[in-house]
Each structure stands twice: as C-alpha cells, then as structure tokens.
Amino acid sequence: MTKFKTADLCDEHYGRLQISKTIFYSYGKRPRFSGKIETVKVFEDNVLFLEALKSVSPGSIVVVDGEGSRNCALMGDRLAGIAASRGLAGVIINGCVRDSADLAHIDIGIFAIGTSPLRSNKAGKGERNGTLNFGGVTWKPGDYVYADEDGVIVSRDSLV
C-alpha cells in the first residue's frame with residue numbers, strides 16, 4: 001500500500017505512533033512502503049537476515065537491527081532480489097547495503113543508514129522475531145511500519 005504519507009499519518013494519529021529518529025536513505029525502487037514488521041538482530045552477519053527473507057509472509061517488512069555498523073553491508077542485489085521475488089513490501093536496515101546502483105532498479109522498498117562495499121560475515125549469529133530497540137522506536141513483530149520520503153513511523157495497529 002503506497003497511498004499514504006507519513007506526515008498525514010502523524011497529523012491524524014500522533015498519540016498512537018512512534019517516530020524513528022534514525023536517518024534512513026532510500027535505496028530500492030519503492031521510496032514509500034508499509035506492512036507488518038518481522039525482525040532480525042545481527043551484527044555484521046547476514047545469514048539470519050537471508051533466512052527471514054526466504055520465510056516471512058509476502059507484504060511483510062523485515063526490520064534488521066545491524067547495531068548501526070558501517071563496517072560491512074547486510075544486503076546487496078542478491079538478497080534484494082530474493083525479497084522482491086517473494087513479494088515483500090520492504091526492508092529497513094539499521095546498517096548498510098551495497099550494490100546501491102542495482103538496488104535502485106529492484107521493485108522493493110529498501111531503507112538503510114548507508115552503504116559499504118564489503119560483504120558481511122556468514123556465521124549465522126543473531127536473533128529472529130525478537131523486539132528491537134533503535135532510533136527511539138521499539139520494533140515489535142506484528143506491529144505496522146510506514147516509510148516514505150519524510151521518515152519512518154510505527155504503530156501497533158494498521159492505519160491505512
């Protein structure tokens with residue numbers, strides 16, 4: 001669903017929202033996306049992120065807490081292609097991506113804090129489906145996230 005603006009949702013539902021303080025940049029073809037949250041927490045390792053992309057429900061948004069690391073990328077064109085082919089609405093990464101020129105042509109929403117050309121580790125360490133805390137937001141699986149050119153907001157309930 002892309003017929004929303006986070007600014008309008010904030011005007012209508014301010015007391016019911018969390019507003020991310022993290023500055024994200026848009027890398028995917030979709031600059032605006034929304035859906036139910038699925039979570040992954042990793043540090044410089046994207047194995048569990050890949051597993052989530054292969055198993056979450058279409059229309060979901062995978063929120064990845066990479067602890068803000070800029071040392072390596074957690075997503076590149078291969079993982080973005082998997083996410084798009086499975087019909088995910090998007091991904092939000094508290095970490096970096098790579099292959100940014102290619103990501104711009106993949107039909108999915110991708111927000112991240114920056115880029116790094118280095119790939120991540122492959123040890124499979126981390127956690128799935130837990131509550132995350134970053135950017136002044138508590139990210140819970142099953143809550144709803146709305147992302148656009150103005151920012152990222154989270155609500156317990158569907159707003160559109």
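A salt bridge here is a side-chain nitrogen of Lys or Arg within 4 Å of a carboxyl oxygen of Asp or Glu. Keep that cut-off at hand for the first stops.

This is a predicted model, in which local features need pLDDT of at least 70 and side-chain atom pairs count only at pLDDT 80 or more, while totals for chains, interfaces and linings use all residues. Residues are numbered from 1 along each chain as its sequence is written, and side-chain values use heavy atoms, with hydrogens and water left out.

**Stop 1: salt bridges**

Select Arg30 and Asp107. They form a salt bridge, with the closest N and O atoms 3.1 Å apart. The pair links distant parts of the chain, 77 residues apart. Arg30 sits in the loop between strand S2 (25-26) and strand S3 (33-41). Asp107 sits in the loop between helix H4 (100-103) and strand S7 (109-115). Helices (H or I, at least four residues) and strands (E, at least two) are DSSP runs, numbered from the N terminus. Arg30 is partly exposed, with a relative accessible area of 26%. Asp107 is partly exposed too, at 41%. On this scale, buried means under 20% relative accessible area, exposed means over 50%, and partly exposed lies in between (1.4 Å probe, protein chains only).

How many salt bridges does a search of the whole structure find? It finds five. Go next to Asp157 and Arg16. Their side chains meet in a salt bridge, 3.4 Å from N to O. Asp157 is in the segment after strand S12 (151-155), and Arg16 is in the loop between H1 and strand S1 (17-19). The two are 141 residues apart, so the pair links distant parts of the chain. Asp157 is partly exposed at 39% relative accessible area. Arg16 is partly exposed at 43%.

Now pick Glu67 and Lys41. Their salt bridge has its closest N and O atoms 4.0 Å apart. Glu67 lies in the loop between strand S4 (61-65) and strand S5 (73-75), whereas Lys41 is in strand S3. They are 26 residues apart. Glu67 counts as partly exposed at 46% relative accessibility, and Lys41 is partly exposed at 30%. Lys41, Asp65 and Glu67 are linked in a network of salt bridges.

**Stop 2: a charged patch**

Select Lys54, Arg78, Arg119 and Lys122. Together they form a positive surface patch. Patches are made of residues with over 30% relative accessible area and no salt bridge; like charges are joined within 9 Å, and nonpolar side chains (Val, Leu, Ile, Met, Phe, Trp, Tyr) within 5 Å. Lys and Arg count as positive and Asp and Glu as negative, with His and the chain ends not counted. Arg78 lies in helix H3 (residues 77-85).

**Stop 3: aromatic rings**

The structure holds four aromatic pairs. Rings of Phe, Tyr and Trp (its six-membered ring) pair if their centres lie within 6.5 Å; planes under 30 degrees apart count as stacked, over 60 as edge-to-face and the rest as tilted. Show Phe4 and Tyr146. Why is this pair edge-to-face? The ring centres are 5.5 Å apart and the planes stand at 80 degrees, so the pair is edge-to-face. Phe4 lies in the segment before helix H1 (6-13) and Tyr146 in strand S11 (residues 144-148), so the pair ties together parts that are 142 residues apart in sequence. Both Phe4 and Tyr146 are buried.

Then select Phe24, Phe33 and Phe111. These form one aromatic cluster.

Trp139 is the next ring to show. This residue is in strand S10. Trp139 counts as buried, at 0% relative accessibility.

**Stop 4: loops and backbone**

Most residues other than glycine have a negative phi. Glu44 has a phi near 55 degrees, a positive value in a residue other than glycine. Look for Glu44 in the loop between S3 and helix H2 (47-55). Is Glu44 buried or exposed? Glu44 counts as buried, at 14% relative accessibility.

Asp99 also has a positive phi, about 60 degrees, although it is not a glycine. Asp99 is in the loop between strand S6 (90-97) and H4. At 29% relative accessibility, Asp99 counts as partly exposed.

Finish at Gly142, in the loop between strand S10 (137-139) and S11. Gly142 is partly exposed, with a relative accessible area of 33%. Leu79 and Gly142 are 63 residues apart in sequence and 22 Å apart in space, C-alpha to C-alpha.

Key. Areas by Shrake-Rupley, 256 points an atom, 1.4 Å probe, with all protein chains shown as cover. Charge placed at Lys NZ, Arg CZ, Asp CG, Glu CD.
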